[in-house]
Amino acid sequence: MTLIKSISGIRGTIGGPVGQGLTPLDVVKYAAAYGTWVKTQPTESKLIVIGRDARISGEMVSRLVAATLQGLGLDVCDLGLSTTPTVEMAVPAKKAAGGIILTASHNPKQWNALKLLNAAGEFISETEGQQVLASAESEDFEFAAVTKLGQYTTDNTFLKKHIKAILALPLVDVESIKARNFRVVVDAVNSSGGFAVPQLLEALGVTTIEKLHCEPTGDFAHNPEPLPEHLRDIAKVLEKGGFDLGIVVDPDVDRLALVSENGQMFGEEYTLVAVADYVLKALGGGNTVSNLSSTRALRDVTEKAGGNYAAAAVGEVNVVTKMKETNAVIGGEGNGGIIYPELHYGRDALVGIALFLTHLAKSGLTMSRMRSSYPGYFISKNKIELTPDIDTDDVLAKMEKRYAKQPVNTIDGVKIEFDKEWVHLRKSNTEPIIRIYAESDSNATADYLAQKIIGDIKEIIAVKA
């Protein structure tokens with residue numbers, strides 16, 4: 001597997017010869033490129049905040065990154081085992097020049113990555129990302145003299161500060177949550193959520209917490225992407241009764257999936273819908289943003305509350321940019337990523353949990369009844385693995401031409417509209433695949449649409465071959 005380079009960072013599989021995967025040499029090179037870019041920024045700070053999830057390679061990668069940054073004359077504050085949103089919040093709080101999160105997010109345990117933040121604790125822009133990649137290619141680095149090496153410090157207190165900031169939010173009602181006496185099952189896939197989520201729940205007054213896969217060993221108990229087919233363990237626990245809901249996070253705790261009291265999936269698309277519904281009602285309206293691959297249910301609840309909805313290209317940095325442009329009160333991505341600007345501009349499962357539990361507590365509903373109160377859309381999520389001989393851009397261009405009679409959006413791949421249904425095709429920025437998402441008010445129709453498009457793509461690929 002070769003390295004996958006995106007505007008927000010670099011990722012790959014650990015192990016293997018140079019040129020394949022994310023080797024220690026790659027880690028040093030891209031850390032040096034990022035540090036070199038940071039030194040060109042208009043800031044007097046020389047501090048970089050780093051943190052990692054619990055994956056097996058994390059400690060090794062963290063030491064390489066820290067030492068490289070020190071070699072450039074930059075100071076390093078290491079949060080150690082942490083969450084992506086915690087690192088994002090720590091950067092501006094510590095007045096740092098930037099940050100690096102060491103996580104491959106939802107990718108399996110053999111993967112790792114360097115996610116790059118600016119001084120605001122947000123992912124660097126496309127232009128900035130290109131500058132970092134160019135620096136890595138040229139390897140034009142200047143390391144510090146021995147008397148000017150950077151300092152290394154640690155800080156294991158920031159998760160508590162993160163949680164304290166969440167509890168201080170006006171729309172988080174701890175007393176209402178305590179009064180419901182929720183019984184919760186947590187699946188943290190043996191990563192950082194294993195300690196972060198229970199710590200948050202306890203601070204919110206939840207006393208009955210069943211921990212499932214909460215040992216932060218990095219040996220993931222199942223595929224870490226929080227999709228229904230990977231969450232059978234927690235579903236079985238809930239099916240037996242005795243709990244009000246299940247909470248699932250990915251390894252770096254920026255995605256939140258929920259499971260109803262009966263073991264049925266709430267739907268990761270509806271994490272954002274439910275939280276946005278609560279925020280919009282509490283504020284008396286407001287604007288929202290999600291990406292092109294997210295359910296139209298967010299538009300429905302936004303317009304019902306008197307607000308305006310806008311769609312952005314896929315990718316957190318794109319959603320954040322659109323949220324700032326439209327002054328959105330909440331936004332995110334349909335993969336369970338909640339972005340609540342009142343706290344910070346980053347996907348944050350922890351603030352999502354606090355807002356959702358407040359919503360559930362105040363509503364007096366069960367999870368299943370709350371889910372049934374929202375528009376009933378279904379998204380079929382599929383993918384086609386790519387081979388080096390496939391010209392993805394050409395395939396997408398031919399799909400656009402094939403469906404030219406339908407409304408087509410090409411700001412990010414190809415999105416084809418069919419009345420109230422849609423199909424979105426795009427290259428993944430993090431994996432060698434084409435993602436095919438289709439939505440309809442019927443699961444069978446969504447699956448049919450997705451399979452029809454997959455058949456079209458296979459036809460195009462076969463003709464070229």
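Here's a quick tour of a few spots in this structure. Keep in mind that the model is predicted.

**The annotated domain**

- The unreviewed UniProt entry carries the annotation "domain: Alpha-D-phosphohexomutase alpha/beta/alpha", and that record places it on residues 8–141, 172–263 and 270–371.
- Take residues 8–141: this part of the chain is 39% helix and 22% strand, and its end C-alpha atoms sit 20 Å apart.
- Residues 270–371 come out at 52% helix and 15% strand, with 8 Å between the end C-alpha atoms.

**Helices H9 and H10**

- Two packed helices are described by the angle between their axes and the distance between the axes.
- For helix H9 (residues 268–283) and helix H10 (residues 297–304), the axes come within 9 Å and cross at roughly 10 degrees.
- Angles under 35 degrees count as roughly parallel, so H9 is roughly parallel to H10.
- On the H9 side, the contact is made by Tyr270, Leu272, Val273, Ala276, Asp277 and Leu280; H10 brings in Ala297, Leu298, Val301 and Thr302.
- Sorted by class, this contact between H9 and H10 has eight nonpolar residues, one polar and one charged.

**Helix H3, mostly covered**

- Helix H3 spans residues 84–93, and eight of its 10 residues are buried.
- The buried ones in H3 are Thr84, Pro85, Thr86, Val87, Glu88, Met89, Ala90 and Val91.
- What do the buried residues of H3 pack against? Their partners include four strands, namely S3 (47–52), S4 (75–81), S5 (98–102) and S6 (111–117), along with helices H5 (158–167) and H11 (316–326).
- Just past the end of H3, lysine 95 has a positive phi of about 55 degrees.

**Serine 380**

- Serine 380 belongs to strand S16, which runs over residues 378–385.
- Is serine 380 buried or exposed? Its relative accessible area is 5%, and buried means under 20%, so serine 380 counts as buried.
- The side chain of serine 380 makes a polar contact with the side chain of asparagine 382, at 3.0 Å.
- A polar contact also links the side chain of serine 380 to the side chain of aspartate 447, at 2.7 Å.
- Setting aside neighbours within four places in sequence, serine 380 is in contact with Ile436, Tyr437, Ala438, Ala446, Asp447 and Ala450.

Conventions: Residues numbered from 1 in each chain as written. Predicted model: local features only at pLDDT ≥ 70, side-chain atom pairs only at ≥ 80, totals over all residues. Heavy atoms only, no water. UniProt positions renumbered as here; feature names shortened; annotations may be inferred. Helix = DSSP H or I, 4+ residues; strand = E, 2+ residues; numbered from the N terminus. Axes fitted to C-alpha atoms, helices over the stretch in contact; angles between N-to-C directions. Parallel < 35°, antiparallel > 145°, perpendicular 65-115°, else oblique. Contact = heavy atoms within 4.5 Å. Nonpolar A, V, L, I, M, F, W, Y, C, P; charged D, E, K, R; others polar. Buried < 20%, exposed > 50% of the residue type's maximum accessible area, 1.4 Å probe, protein only. Polar contact = N/O pair within 3.5 Å; in protein donor to acceptor, adjacent residues only side chain to side chain.
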